[in-house]
Amino acid sequence: MTQPLPTRPLVMIVDDDADSLDINAALLNATGFDTCQTSTAMHAIEMAVTRRPAAILTDVSMPFVDGWTILRTLQEHPITARTPIVLMTGYGDDATRQRAAAAGCHAFLTKPCPPDLMLETLKAAVAVDAERRQTVQDV
């Protein structure tokens, strides 16, 4: 099992499936992360701007506004433009992976995702965010 983080970075989880939200939040909270979660993309965009998470884990396929729109909208917002976003979906085909890479997401995970892979991916995303925040403080 992955070792807990020395601090508790905030990870925002976005998924329209309540069970996925609960399971992912429980896993992350038990392994050194704090979490905030939402089931709607519009709330996710608002929450990302106000809470400023160290990383965002979002489902791709959601009703009304999908994970691609969350990614694009947050990349265009000055507060969240550099927040690492990890896309997670049940569609693990090459075309979806290529689209994710071209869209500029930090990482792409396929559901069901092994817990260790999710944790390592989010730790890497948090490290990118910590480095970015340190660089901003040093300027």
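**F64.** I looked up F64 and found it exposed, at 87% relative accessibility (exposed means over 50% relative accessible area, buried under 20%, partly exposed in between, with a 1.4 Å probe and protein chains only). F64 sits in the loop between β3 and α3; helices (H or I, at least four residues) and strands (E, at least two) are DSSP runs, numbered from the N terminus. Its phi is near 70°, a positive value in a residue other than glycine.

**Ground rules.** I noted that this is a predicted model, in which local features need pLDDT of at least 70 and side-chain atom pairs count only at pLDDT 80 or more, while totals for chains, interfaces and linings use all residues. Residues are numbered from 1 along each chain as its sequence is written, and side-chain values use heavy atoms, with hydrogens and water left out.

**R52.** I checked R52, in the loop between α2 and β3. R52 is not a glycine, yet its phi is positive, about 50°. Its relative accessible area is 47%, so R52 is partly exposed.

**D59.** Is D59 buried or exposed? D59 counts as buried because its relative accessibility is 5%. I placed D59 in strand β3, residues 55-59. Its side chain makes a polar contact of 3.3 Å with the side chain of K111 (a pair of N or O atoms within 3.5 Å; within protein, one must be able to donate a hydrogen and the other to accept it, and residues adjacent in sequence count only if both atoms are side-chain atoms). Leaving aside neighbours within four places in sequence, I listed the contacts of D59 (heavy atoms within 4.5 Å), among them V14, D15, G67, M88 and K111.

**K111 and P112.** I found the peptide bond from K111 to P112 to be cis, with omega near -10°. P112 is in the loop between β5 (107-110) and α5 (115-138).

**α2 and α3.** I looked up how helix α2 (residues 41-51) and helix α3 (residues 67-76) cross: their axes come within 10 Å, at roughly 25°. Axes are lines fitted to C-alpha atoms, for helices over the stretch in contact, and angles run from 0 to 180 degrees between N-to-C directions. The angle makes α2 roughly parallel to α3 (under 35 degrees; over 145 is roughly antiparallel, 65 to 115 roughly perpendicular and the rest oblique). From α2, A41, A44, I45 and A48 meet I70, T73 and L74 of α3.

**α4.** D93 caps the N-terminal end of α4 (residues 94-103), with a side-chain oxygen 3.3 Å from the backbone nitrogen of A95. Just after α4, I found G104 with a positive phi of about 90°.
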